[in-house]
Amino acid sequence: MSHLLRGKSKATRMSSNVSQVVKALENAYKSHANAEKAIKMRKYVRRRFDYYGLKAADRHEVDANIRIKMPDLSLAEHHQLYNHCWDLPQREYQLFAAELARDSVKILIGISDQDLTASASVVENMIVKKSWWDCVDLLAPRGEFNRIKPEIMGPIIDKWVTKDNIWLKRAAILHQLLYKEQTDQQKLFQYCLICATEEDLLIRRAIGWALRNQSQVNPEAVKDFEEVKLQSDRKSQDGTLPCSDRTCI
């Protein structure tokens with residue numbers, strides 16, 4: 001038992017760099033806290049999270065200042081910071097971590113396949129825990145891991161879309177959102193088909209969003225998919241497809 005406790009303590013101990021960033025965030029958020037607004041924000045997310053109550057513009061300014069001054073973090077410290085921010089109760093910490101991860105692709109890819117796999121595991125944790133569209137949609141549409149290392153990330157995202165978790169499914173569907181002409185259409189359409197029977201509005205909207213975005217660069221392929229393939233594979237009882245008319249986008 002003592003051995004397990006020592007191991008747990010070692011695993012959760014923050015580096016001095018990470019502690020410095022977390023303390024700076026805490027001090028800044030507390031100095032800008034708005035209790036009245038925090039109550040309204042908590043109500044908006046159906047009481048899932050607590051808030052300091054910072055307005056979006058104030059939070060972005062605070063976060064930008066912290067990022068300018070914070071020390072250079074190693075890959076392991078990035079993972080540690082994200083995990084710790086996810087353990088804290090206020091949502092502002094998770095938003096900071098999600099935006100930092102979104103902007104730190106080159107660091108998170110690391111220098112080996114093992115580094116990227118470890119980063120993907122951390123990102124997956126960020127998607128499935130304390131899940132809400134605010135953070136998931138910051139992480140999902142980038143898809144830069146997959147663009148740079150498709151041989152590693154491709155199989156991982158293929159698993160996400162088949163898991164019994166709507167947020168991983170949403171992230172998988174949206175991960176090519178910024179690819180435009182470089183989109184793997186076969187994979188996009190395959191993911192839409194896999195999720196076509198999902199009734200959750202978050203999935204239906206993700207499908208509509210992804211197809212609408214792709215139709216801007218290849219409208220004929222999307223039209224063919226919507227009108228022929230998707231309708232033949234999955235029709236609702238009244239003969240219409242939930243997202244084919246774009247009402248759920």
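Author: A helix, as the word is used here, is a DSSP run of H or I with at least four residues, and helices are numbered from the N terminus. In this predicted model, methionine 153 is found in one of them, helix H11, which covers residues 150-160.

Reader: What makes methionine 153 count as buried?

Author: Buried means under 20% relative accessible area. Methionine 153 has a relative accessibility of 3%, so it counts as buried. Leaving aside neighbours within four places in sequence, methionine 153 is in contact with Leu116, Ala120, Phe145 and Asn146.

Reader: How far apart in space are methionine 153 and threonine 117, C-alpha to C-alpha?

Author: Their C-alpha atoms are 7.8 Å apart, while 36 residues separate methionine 153 from threonine 117 in sequence.

Reader: How do you know what span is expected of helix H8?

Author: The expected span is 1.5 Å times one less than the number of residues. Helix H8, residues 113-128, has 16 residues, and 22 Å is expected. From the first C-alpha of H8 to the last, the model gives 23 Å, which is close to that value. Among the buried residues of H8 are Leu116, Ala120 and Ile127. Just after H8, lysine 130 takes a positive phi of about 50 degrees.

Reader: Which other residues have a positive phi, although they are not glycine?

Author: Two of them are arginine 46, at about 60 degrees, and arginine 47, at about 65 degrees. Arginine 46 is placed in the loop between H3 and H4, and arginine 47 is found in the loop between H3 and H4 as well.

Reader: Why do arginine 46 and arginine 47 count as exposed?

Author: Exposed means over 50% relative accessible area. Arginine 46 stands at 63%, and therefore counts as exposed. Arginine 47 stands at 54%, and therefore counts as exposed too.

Reader: Why are the rings of tyrosine 52 and tyrosine 93 called a pair, and of which kind?

Author: Rings pair if their centres lie within 6.5 Å, and planes over 60 degrees apart count as edge-to-face. For tyrosine 52 and tyrosine 93 the centres are 5.8 Å apart and the planes stand at 70 degrees, so the pair is edge-to-face. This pair links distant parts of the chain: tyrosine 52 in the loop between H3 and H4, and tyrosine 93 in helix H6, 41 residues apart. Tyrosine 93 has a relative accessibility of 3% and therefore counts as buried.

Reader: How many aromatic pairs does a search of the whole structure find?

Author: The search finds four. Another of them is formed by tyrosine 29 and tyrosine 93, with 5.3 Å centre to centre and 75 degrees between the planes, and this pair is edge-to-face. Tyrosine 29 lies in helix H2, residues 16-31, and is 64 residues from tyrosine 93. Tyr29, Tyr52 and Tyr93 form one aromatic cluster.

Reader: What makes arginine 91 lie over the face of phenylalanine 49?

Author: A charge sits over a ring if, for Arg, CZ is within 6 Å of the ring centre and within 35 degrees of the ring normal. Arginine 91 is at 3.9 Å from the ring centre and lies over the face of phenylalanine 49.

Reader: Which residues touch the most other members of the largest nonpolar core?

Author: They are Leu81, Phe96, Ile127 and Trp160, in a core of 66 residues. Helix H6, residues 91-102, gives the most to this core, with seven residues. A second, separate core has six residues, including Ala38, Val45, Tyr51 and Trp132.

Reader: How do you know what confidence the predictor has in the protein?

Author: The predictor's confidence in each residue is given as pLDDT, from 0 to 100. The mean pLDDT of the protein is 89, and 86% of its residues reach 70 or more.

How values were computed: Residues numbered from 1 in each chain as written. Predicted model: local features only at pLDDT ≥ 70, side-chain atom pairs only at ≥ 80, totals over all residues. Heavy atoms only, no water. Core = buried A, V, L, I, M, F, W, Y, C linked by side-chain atoms within 4.5 Å. Buried < 20%, exposed > 50% of the residue type's maximum accessible area, 1.4 Å probe, protein only. Helix = DSSP H or I, 4+ residues; strand = E, 2+ residues; numbered from the N terminus. Phe/Tyr/Trp six-rings, centres within 6.5 Å; stacked < 30°, edge-to-face > 60°. Contact = heavy atoms within 4.5 Å.
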